[in-house]
Amino acid sequence: MRIFFTATVWWLTVGGSSPLVEGKNKEPLNTACNGTRVDQTAHVGESVSITCKYPQADKSSIRYFCRHAGNFTCTNIISAQHYNYTRLPRFSLTDDKQQGAYTVLIFTLTQEDAGKYQCALKTHNSITCLQDVLLHVLSEY
């Protein structure tokens, strides 16, 4: 059985540019990306593949791919924990636990897909940012 959900992660900026997530008890949980950013470029109508690496020790964690929505929020697009493959209409997430990496595919790109995304992991009560992704979507050829 597969369960899909949508979640919103609220970002707080504390004393600089390191984003923090607010936990259940209002305590900040570290999600700094350590300056890791990947730029991806593709054309309208194409697909793009984004690979997010994680430590082997975190292979049972929930893997997230979210989109920055402004006002310090990152809205979850697709996530997985127990399954190696999850598919939504325009997104898929394939997890390779042996390699410690998951790959998100975005199909049939539109101009509206351009923007900032984030790969993250949730372990127990903390969310850790793996990398920021800046997606550039160019007009058709």
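In the predicted model, strand β8 pairs with strand β9, which spans residues 91–96, in the antiparallel sense over 3 bridges. Within this pairing, Arg87 has Ser92 of β9 as its bridge partner. The two strands belong to an open sheet of 4 strands, arranged in the order β5-β10-β9-β8 with antiparallel pairing. The edges of the sheet are formed by β5, covering residues 48–53, and by β8, covering residues 85–87; each of these strands pairs on one side only. From one strand to the next, the twist averages 15 degrees.

Disulfides were examined next. A search of the whole structure identifies 2 disulfides. One of them joins Cys52 and Cys119, with 1.9 Å between the sulfur atoms. Because Cys52 lies in strand β5 and Cys119 in strand β11 (residues 115–123), this pair ties together parts that are 67 residues apart in sequence.

The link of Cys66 and Cys74 is right-handed, with 90 degrees about the S-S bond. Both Cys66 and Cys74 are buried.

How values were computed: Residues numbered from 1 in each chain as written. Predicted model: local features only at pLDDT ≥ 70, side-chain atom pairs only at ≥ 80, totals over all residues. Heavy atoms only, no water. Pairing = 2+ DSSP bridges. Axes fitted to C-alpha atoms, helices over the stretch in contact; angles between N-to-C directions. Disulfide = S-S within 2.5 Å. Buried < 20%, exposed > 50% of the residue type's maximum accessible area, 1.4 Å probe, protein only.
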